[in-house]
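This report walks through the arrangement of the chains and strands shown here. It begins with the DNA and then turns to the protein.

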There are 2 protein chains.
Amino acid sequence: MQKKVSIKDIAKHLGVSTALVSYVLNNKEKEARVGPEMAERIRATAKEMNYQPNMIARSLQSGKTRTIGLIVADISNPFFSNIARVIEDEASLNNYTVIFGSSDENAEKSDSLINALIKRQVDALIIAPAEHTEEQLKLLRQQKFPFVLIDRYFNTLDANGVRINNFLASYKAVQHLAKQGYKKICMVAYQTRLPHMQDRKQGFFKAMEELKLPLHEFSLMESSYERIQEDVAAIMQRLLDNKKDRPDSFLFATNSLAINGLKEINKRKLSVPDDLGIISFDESDAFDFFYCPLTYINQSTERIGKEAVRILMNQLEEKPGKTSTDSDTTQLVIDAQLIPRESCGEKKKKR
Amino acid sequence: MQKKVSIKDIAKHLGVSTALVSYVLNNKEKEARVGPEMAERIRATAKEMNYQPNMIARSLQSGKTRTIGLIVADISNPFFSNIARVIEDEASLNNYTVIFGSSDENAEKSDSLINALIKRQVDALIIAPAEHTEEQLKLLRQQKFPFVLIDRYFNTLDANGVRINNFLASYKAVQHLAKQGYKKICMVAYQTRLPHMQDRKQGFFKAMEELKLPLHEFSLMESSYERIQEDVAAIMQRLLDNKKDRPDSFLFATNSLAINGLKEINKRKLSVPDDLGIISFDESDAFDFFYCPLTYINQSTERIGKEAVRILMNQLEEKPGKTSTDSDTTQLVIDAQLIPRESCGEKKKKR
DNA sequence: TTTGGTTGTTTAAACGTTTAAGCTATCTTC
DNA sequence: GAAGATAGCTTAAACGTTTAAACAACCAAA
């Protein structure tokens, strides 16, 4: 690669000091009392030589990189890639760029990712934390490193965060199913201690209880993250092939769970919403194209991304008259919408 | 944020020079003849003080950031986010990280994105180039900046690239449709001069010609990128609502086109594959859940991502005995697979 | 005892910026 | 015409690394 032109090159070319060039190119000519014709010449040669400032050098000197690190479970999951896109746009509006990494829901990978990004001096992190990463995050917090959690959170960790009201979302979903006449609801969730997932489960149980719907052994089924395909297939096989006593509806806790579940339902030629009612968390193009469009719980990736960046910017771009401190914490809980469509229409009376 | 600990801090803490610390932490104790017990003490305090090297400083000194810039049309498009994930993993294996940006198929945005990433001193770029970005890329090439094009390419630009054989893919798709009895095929493509898209169109026309299938005014329909939803809706409305003379099948040039097209088809209660045969480029979860699973042309995002990184690494990590030069160029054309499913099954004889 | 080698460590420059402080003319003002 | 202000520029240090070169102390061989 060709050597890039630096401020030094411009200075040498004009026979002046680098300071002068720097002042002009940073539009500080007034404060630095640079002569107007000199300023013009500098600007001209900078353009002529196609000068591009070296942000690395600038960062070293300023201690700021104007870079945000984004850590999600998997950037190829539409939920996260949508958020990534929103974050990219918002960051760009504030002259920040984004480095990303996928943790695969793995605490060790998360740890090395966080370290790699910090070594690269990102100014802040946006993290959808994996299970067992509490300690890593506590350390970050202790070091007063700025970050925002998205999607998930921890009870024992007081940190910035943006998430939906998971409990209520599940709760409403069950109510909706019940109103349509479904009684034997099965929730398919991830097997994890992450509170956002626990909330979804608890919202489910709370609604079941209040509605006086009896629980079954299949009421809550759990899949691992790593072997989701096999696990969900096994669950569905066990439940659906038991003609005697099977659920009449499913509440899927994420889009990936739903997609894997639906594939199994399809294989068995069961008809939705007659044989089975379905609701899922998250969005997916797939939900629109299922023969019977899925009722889903919409988490606004737009809002999650925007608010996460907003919270960070508030913290990073400390205004002179700021009142907040590093230890203050913002937690935003967004209300998720249930989007009713056809996958749990009025249940037939027959069963 | 708490001040980070530097090599200087460790040196001061031990009363030695920074050089010594640097040698040890870079495992150059042998070459630098550092005493073994000193080395141990340095390592110990480094761990104790939780030292994290400042990559920015290291980059400034070395001129390398071990960072790859990724520019795609839209990171939230599954095709690109899948590629992004593969690139992330491959990069990580080589100790690189990835910064990304979305060009929105817009040349100006692409330009400012390229500049922003270069200012940040990325070592290389992986780009899915937008229309009219040829000149920007020629400039890059001229400056011998390392980059690989993915998905798209330019005829007049000799650069590294990884893409599928678009012409042949289209060609085979038409053959497949014809074999199933479809004759009045409509290709829905993007209105762009990008050669990969032109190739898809030309493959279509070539096959039509060889099969002696007559062309209609609807044979090739084009949508803009910016207003895809409106454009595709208008196209489908015009074609489908004309009962007299309408296509009997569609070849969609991308997943987004297909998804928008299918929504319109659904609205009109037309049945696939009886009333209409369908093939689309790219993958999508949605294709699996369309009531009649879509036949599609699979571009292996896995291979595209991996090969792109491999080509870059070959160029960046110049081995001592290297034979290739900066001006050498690798172009990889991957064979795309047609995955036959139900959306263009044996066409009924009735029409 | 000198010469030379080895070992362990320090010095200092460099990477490309930014910016406070310093310097030198020239211009006001009385 | 002396004092002070102002305009226009330069010097130099700093950010956190890396690394060639220098240095000092010791040891071995002649």
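## Surfaces near the DNA

In this predicted model, DNA strand D is surrounded by 26 residues, the closest of which are Ala19(A), Gly35(A), Ile7(B), Ala19(B) and Asn54(B). At least two residues of the surface near DNA strand D come from each of helix 2 (18-25) and helix 5 (55-62) of chain A and from each of helix 1 (7-14), helix 2 (18-25) and helix 5 (55-62) of chain B. By class, the residues of this surface are 13 nonpolar, ten polar and three charged.

DNA strand C is likewise surrounded by 26 residues, and here the closest are Ile7(A), Ala19(A), Asn54(A), Ala19(B) and Gly35(B). The elements that give two or more residues to the surface near DNA strand C are helix 1 (7-14), helix 2 and helix 5 of chain A, together with helix 2 and helix 5 of chain B. The surface near DNA strand C divides into 13 nonpolar, ten polar and three charged residues.

## Relation between the two chains

## The contact between chains A and B

Chain B gives 45 residues to the contact, and chain A gives 45 residues. On the side of chain B that touches chain A, the elements supplying two or more residues are helix 5, helix 6 (78-93), strand 2 (97-102), helix 7 (107-119), helix 12 (255-267) and helix 13 (285-289) of chain B. This side of chain B is made up of 22 nonpolar, 15 polar and eight charged residues. Because 100% of the interface residues of chain B are also interface residues in chain A, the copies meet through the same surface.

Strand pairing also links the chains: strand 2 (residues 97-102) of chain A and strand 2 of chain B run antiparallel and are paired over three bridges. Within this pairing, Ile99(A) has Ile99(B), in strand 2 of chain B, as its bridge partner.

## Nonpolar cores

The largest nonpolar core has 95 residues, and those with the most contacts inside it are Val174(A), Val188(A), Leu251(A), Val174(B), Val188(B) and Leu251(B). Apart from residues up to four places away in sequence, Val174(B) touches Ile185(B), Phe204(B), Ala207(B), Met208(B) and Leu251(B). A second, separate core of 82 residues includes Phe79(A), Ala124(A), Leu312(A) and Val86(B).

Strand 6 (residues 185-190) of chain A is mostly covered, with six of its six residues buried. The burial extends to both faces, with Ile185(A), Met187(A) and Ala189(A) on one side and Cys186(A), Val188(A) and Tyr190(A) on the other.

Strand 6 of chain A is joined by four bridges to strand 8 (residues 249-252) of chain A, to which it runs parallel, and in that strand the bridge partner of Ile185(A) is Ser249(A). Strand 6 of chain A also pairs in the parallel sense with strand 7 (residues 220-223) of chain A, over four bridges, where Met187(A) stands opposite Leu220(A).

## Strands 9, 10 and 12 of chain B

In chain B, strand 9 (residues 277-281) and strand 10 (residues 295-298) pair in the parallel sense over three bridges, and the bridge partner of Phe281(B) in strand 10 is Ile297(B). Strand 10 of chain B is in turn joined by three bridges to strand 12 (residues 337-339) of chain B, the two running antiparallel. Ile297(B) stands opposite Leu338(B) of strand 12 in this second pairing.

## Two partly exposed residues of chain B

Ile334(B) lies in strand 11 (residues 331-334) of chain B and counts as partly exposed, with 14 C-beta neighbours inside 10 Å. Leaving aside neighbours within four places in sequence, Ile334(B) is in contact with Val162(B), Ile164(B), Ser300(B), Arg303(B) and Ile304(B).

Glu131(B), in the loop between strand 3 (124-127) and helix 8 (134-142) of chain B, is partly exposed, with 19 other C-beta atoms within 10 Å. Glu131(B) and Ala107(B) are 24 residues apart in sequence, yet their C-alpha atoms are 6.4 Å apart in space. Not counting residues up to four places away in sequence, Glu131(B) touches Glu105(B), Ala107(B), Thr192(B), Arg193(B) and Leu194(B).

How values were computed. Residues are numbered from 1 along each chain as its sequence is written. Chains are lettered from A and ligands numbered from 1 in the order in which they are written. This is a predicted model: local features need pLDDT of at least 70, side-chain atom pairs count only at pLDDT 80 or more; totals for chains, interfaces and linings use all residues. A residue is near a molecule or strand if its C-beta atom, placed from the backbone, lies within 6 Å of it. Ala, Val, Leu, Ile, Met, Phe, Trp, Tyr, Cys and Pro count as nonpolar, Asp, Glu, Lys and Arg as charged, and the others, Gly among them, as polar. Two residues are in contact if their C-beta atoms, placed from the backbone, lie within 7 Å. A nonpolar core is a set of buried Ala, Val, Leu, Ile, Met, Phe, Trp, Tyr and Cys residues joined through C-beta atoms within 7 Å. A residue is buried if 20 or more other C-beta atoms lie within 10 Å of its own, exposed if 12 or fewer, and partly exposed in between; C-beta atoms are placed from the backbone. Two strands pair if DSSP finds at least two bridges between them.
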